[in-house]
Amino acid sequence: MEYLKLDFNDIEVNFEGKNFAWAIADTRVKGKVKKSGYEFNKSGYQTFLFRKIDGVWKVVHTHSSSRDYRPAKKQAH
C-alpha cells in the first residue's frame, strides 16, 4: 500500500453480561495500491465482537461491508 486511511465514526458499544460485548461503527477507508496504482474510497459499516479473556478485552470476530463512497447530496432550501 502506498497509503491507507481508516476512519471510524458513530461508534456504539453494547455489553452483554460481564464477558461479552459488541460494537458497530460507520467506516470510511481510502488507500492506494502501490503495485497497480489503484486508488479506492469506500464507506460502510463494521461490527466487532469482544470477549473478556483472562481479564483482558479481545476482539474475537469482525465483519465489515462497504461500497464506493458517495457523499450525501445537500438539500436545496
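The model is predicted, so local features need pLDDT of at least 70 and side-chain atom pairs count only at pLDDT 80 or more, while totals for chains, interfaces and linings use all residues. Residues are numbered from 1 along each chain as its sequence is written, and side-chain values use heavy atoms, with hydrogens and water left out.

Searching the whole structure gives 5 aromatic pairs, a pair being rings of Phe, Tyr or Trp (its six-membered ring) with centres within 6.5 Å, called stacked when the planes are under 30 degrees apart, edge-to-face when over 60 and tilted otherwise. Phe20 and Trp22 form a tilted pair, because their ring centres are 6.3 Å apart and their planes meet at 40°. Phe8, Phe48 and Phe50 are joined by ring pairs into a cluster.

The charged end of Arg28 lies over the ring of Tyr69, 3.3 Å from its centre; the criterion is NZ of Lys or CZ of Arg within 6 Å of the ring centre and within 35 degrees of the ring normal.

Salt bridges (a side-chain nitrogen of Lys or Arg within 4 Å of a carboxyl oxygen of Asp or Glu) number 3. In one of them, Lys42 meets Asp68 at 2.7 Å, N to O; Lys42 belongs to strand 3 (residues 39-53) and Asp68 to strand 4 (residues 56-68), so the bridge ties together parts 26 residues apart in sequence, strands being DSSP runs of E with at least two residues, numbered from the N terminus. Lys32 bridges to Glu2, with the closest N and O atoms 3.9 Å apart, and this pair links distant parts of the chain, Lys32 being in strand 2 (residues 20-32) and Glu2 in the segment before strand 1 (3-16).

Definitions and conventions
Helices (H or I, at least four residues) and strands (E, at least two) are DSSP runs, numbered from the N terminus.
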